[in-house]
Amino acid sequence: MAKFYSALTEDLMDFIRAQHLFFTGTAAAEGRINVSPKGLQTLRILDAQRVAYLDLTGSSAETAAHLRADGRLTLMFCSFEDAPLILRLYGKGALVMPEDAAWAALYGLFPPIPGARQIILLNI
């Protein structure tokens with residue numbers, strides 16, 4: 001049975017930190033739903049209500065387009081090993097671009113990775 005939380009607990013934060021892969025899901029009012037795998041140590045927990053991930057260049061920029069159109073963002077983490085769990089974080093996403101004032105502080109949380117194009121914030 002599903003459990004719902006209003007914020008991340010320490011146990012959930014530990015679970016997130018242990019995952020090597022996560023998925024993003026976004027959609028606009030019309031068109032395709034976008035689901036993308038992410039990894040490479042690109043996710044950071046900012047606090048119990050906010051996470052951020054470093055978005056890298058890829059096949060397109062559907063996540064950014066969907067966030068501009070609608071704002072909804074879901075992140076999903078899966079583990080099928082000793083303690084299986086599927087965790088979804090639902091909320092509103094925001095874009096931080098390299099030219100934005102918040103970029104320098106947030107970008108410093110991540111390892112330098114070629115192709116960094118934006119940081120996605122999720123307010124859970």
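Figure 1. Buried denotes a relative accessible area under 20%, exposed one over 50%, and partly exposed a value in between, computed with a 1.4 Å probe on protein chains only. Helices (H or I, at least four residues) and strands (E, at least two) are DSSP runs numbered from the N terminus. The model is predicted: local features need pLDDT of at least 70, side-chain atom pairs count only at pLDDT 80 or more, and totals for chains, interfaces and linings use all residues. Residues are numbered from 1 along each chain as its sequence is written, and side-chain values use heavy atoms, with hydrogens and water left out.

Figure 2. Two strands are taken to pair if DSSP finds at least two bridges between them. E3 and E4 run antiparallel and are joined by four bridges; together they form a hairpin with two residues between the strands. Within this pairing, aspartate 47 stands opposite arginine 50 of E4. E4 also pairs with E7 in the antiparallel sense, over seven bridges. Arginine 50 has asparagine 123 as its bridge partner in E7.

Figure 3. E5 and E6 are antiparallel and share eight bridges. A hairpin is formed by E5 and E6, with five residues between them. Arginine 72 is placed opposite lysine 92 of E6. Five bridges connect E6 to E7, again in the antiparallel sense. The bridge partner of leucine 95 in E7 is isoleucine 120. In a regular strand, side chains alternate between the two faces of the sheet.

**Figure 4. The largest nonpolar core.** A nonpolar core is a set of buried Ala, Val, Leu, Ile, Met, Phe, Trp, Tyr and Cys residues joined through side-chain atoms within 4.5 Å. The largest such core has 18 residues, of which Leu8, Ile16, Leu43, Val51, Leu75, Phe77 and Leu89 touch the most other members. At least two residues of this core come from each of helix H1 (10-18) and strands E3 (43-47), E4 (50-56), E5 (72-79), E6 (85-96) and E7 (116-123). H1 contributes the most, with four residues. A second, separate core comprises 10 residues, including Leu54, Leu56, Leu106 and Ile119. In soluble globular proteins, nonpolar side chains tend to be buried together.

Figure 5. Contact means heavy atoms within 4.5 Å. Not counting residues up to four places away in sequence, leucine 75 touches Phe22, Phe23, Thr24, Leu43, Val51, Tyr53, Leu87, Arg88, Leu89 and Leu122. Serine 79 lies in strand E5 and counts as buried, at 12% relative accessibility.

**Figure 6. The largest pocket.** The volume of the largest pocket is about 430 Å³. Of the 15 residues lining this pocket, Lys3, Phe4, Tyr5, Leu87 and Arg88 are the closest to its centre. Grid points are joined across faces, edges and corners, and a volume is the space filled by probe spheres set on the points. E6 supplies the largest share of the pocket lining, six residues. By class, the lining has 13 nonpolar, no polar and two charged residues. Here Ala, Val, Leu, Ile, Met, Phe, Trp, Tyr, Cys and Pro count as nonpolar, Asp, Glu, Lys and Arg as charged, and the others, Gly among them, as polar.

**Figure 7. Lysine 3 in the segment before H1.** Lysine 3 is located in the segment before H1. At 65% relative accessibility, lysine 3 counts as exposed. The C-alpha atoms of lysine 3 and leucine 54, which are 51 residues apart along the chain, are separated by 28 Å.

Figure 8. Leucine 40 is found in the loop between strand E2 (34-38) and E3. Although not a glycine, leucine 40 has a positive phi of about 60°, and it counts as exposed at 60% relative accessibility. Glutamine 41 is found in the loop between E2 and E3. Glutamine 41, not a glycine, has a positive phi of about 60°, and its relative accessible area of 49% makes it partly exposed.

Conventions. On a 1 Å grid over the protein atoms alone, a cavity is a set of points where a 1.4 Å probe fits but cannot get out, and a pocket is an open set with protein on both sides within 12 Å along at least five of seven lines; lining residues have an atom within 4 Å of a point.
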